[in-house]
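Please keep the sequence and the model in view while reading.

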Amino acid sequence: MERMKKKCLLCALLVFAMAVAGGCAFAGAGGSGSVSGGAAEGKKKTRELFAMDTIMELTLYDGVEGAMEEAVAFIQRMDRLFSVTDAESDIAKINRAEGRAVTVSDETYELLQICLSEYEETEGLFDISVYPLVKKWGFTTENPHVPAEEEIAAALKKIDASKIRLKGENQVQAEPGMEIDLGAVAKGYVSQKLMELFRERGVSSAIVSLGGNVQTIGEKEDGSPFCVGITDPADGTGVYGTVDIKNKAVITSGIYQRYFTAEDGTEYHHIMDKRTGSPAENGLASVTVISDDGPRADALATALFVMGEERAVEFQKEHPDIELILIRRDGSYWQSGGAGMKIR
């Protein structure tokens, strides 16, 4: 019998983070579906909430009153706009428009512009229209399974983000039958926007973990960098290594985040390669991107995983604005010169 394996939300997309005085700590647990009351020590404020199908933790070390509340409201609004399952979301409206143009919010339009830019830069391997393939594999359900070849072939015919048209006045037009999903980039976009909001509100030190997607402003209260742990993909719960960062996003895509085991014992993860119609298989277990640009890091973590090690390394050398950590299935790793991962 096939079974879906999802690590608890504590471990999903886990690039463990949240700075504490003693060093690195795990991203927060929870999952009640509501915003917690938060906590404060002096100027430090923390808040936990459930949104975008994951647990999020926000920590501010300074800034004006109300900044945290604005951040939570923003996250909840983006959740409503970007959801692929909420019938009233911008994405759901595009997916059921059958080729008609749809007017979307400024944020959705901006994020789609980013997605199409990353599509071009990654030679089409970051493709938000891969959703029909993800559905065929059952990763949107509690019953994932290996689809028939004809099902895969039918889904592949619907995948081509180059056919998404961004028109003036926030109008978006997708091909009939095409379905898009922003799940591979939305949290990176939200974390970037939170950084902008916090800076506008006078925050000079903050860290957010959106389901493990981590982004920071400044440094910790003691003047040291934030410490972010990179998940060990061998089990999805331990720490493989750590990086010290200031004003950066650290985002990982890995095989441990969502997968199932088929009846024959084969494990299949959720990161799809549209060239084959199947999960990407290239010897990689996880890809971590470090960048000062949240949505770019989020998109590239997925695309570079699909590319495989050789092309991913070349890509990083061609784009030195990002740092890269590749962990292989055999437990070994490669990192770019400025990544600075320390092995635990």
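## A pair of strands

In which sense do strand β11 (residues 239-245) and β20 pair, and over how many bridges? The two strands pair in the antiparallel sense, over two bridges. Strands, like helices, are DSSP runs numbered from the N terminus, with at least two residues (E) for a strand and at least four (H or I) for a helix. Two strands count as paired if DSSP finds at least two bridges between them.

## Basis of the model

The model is predicted: local features need pLDDT of at least 70 and side-chain atom pairs count only at pLDDT 80 or more, while totals for chains, interfaces and linings use all residues. Residues are numbered from 1 along each chain as its sequence is written, and side-chain values use heavy atoms, with hydrogens and water left out.

## Overall composition

The protein contains eight helices and 20 strands. Of its 344 residues, 55% are buried, where buried means under 20% relative accessible area, exposed over 50%, and partly exposed in between (1.4 Å probe, protein chains only).

Contact here means heavy atoms within 4.5 Å. Among contacts between residues at least 6 apart in sequence, 62% join residues at least 24 apart.

## Two open sheets

Strands of a sheet pair through backbone hydrogen bonds, either parallel or antiparallel. The strands β10, β11 and β20 form an open sheet in the order β10-β11-β20, with antiparallel pairing. Its edge strands are β10 (226-231) and β20 (342-343), each of which pairs on one side only. Within this sheet, Gly 241 stands opposite Ile 343 in β20.

Another open sheet of three strands has the order β5-β7-β6, again with antiparallel pairing. Here the edge strands are β5 (102-103) and β6 (165-167), each pairing on one side only. Three bridges join β6 to the antiparallel strand β7 (residues 171-173), and Leu 166 stands opposite Val 172 in β7.

The expected span is 1.5 Å times one less than the number of residues. Eleven of the 15 residues are buried, so α6 is largely enclosed by the rest of the structure. Among these buried residues are Tyr 189, Val 190, Leu 194 and Phe 198. Just after the helix, Gly 202 takes a positive phi of about 80 degrees.

The largest nonpolar core has 50 residues, and those with the most contacts inside it include Val 190, Leu 194 and Phe 198, together with Leu 58 and Phe 82. A nonpolar core is a set of buried Ala, Val, Leu, Ile, Met, Phe, Trp, Tyr and Cys residues joined through side-chain atoms within 4.5 Å. Elements giving two or more residues to this core include α1 (67-82), α6, β8 (206-210) and α7 (294-307). The most come from α1, which gives nine residues. Beyond its neighbours within four places in sequence, Val 190 is in contact with Met 52, Phe 74, Ile 75, Met 78, Phe 82 and Leu 210. Apart from this core lies another, of 23 residues, among them Ile 255, Ala 285, Val 287 and Val 289.

## Ala 206 in strand β8

Ala 206 is placed in strand β8 and counts as buried because its relative accessibility is 0%. Although Ala 206 and Asp 62 are 144 residues apart in sequence, their C-alpha atoms are 7.9 Å apart in space.

## Helix α7 and the residues before it

Helix α7 has 14 residues and reaches 20 Å from its first C-alpha to its last, close to the 20 Å expected at 1.5 Å a residue. This helix is mostly covered, with 14 of its 14 residues buried. Asp 293 caps the N-terminal end of α7, placing a side-chain oxygen 3.1 Å from the backbone nitrogen of Arg 296. Gly 308 follows the helix and has a positive phi, near 90 degrees.

Ser 291 is found in strand β17 (residues 284-291) and is buried, with a relative accessible area of 0%. A polar atom of the Ser 291 side chain lies 3.0 Å from the backbone nitrogen of Asp 293.

Methods
A polar contact is a pair of N or O atoms within 3.5 Å; within protein, one must be able to donate a hydrogen and the other to accept it, and residues adjacent in sequence count only if both atoms are side-chain atoms.
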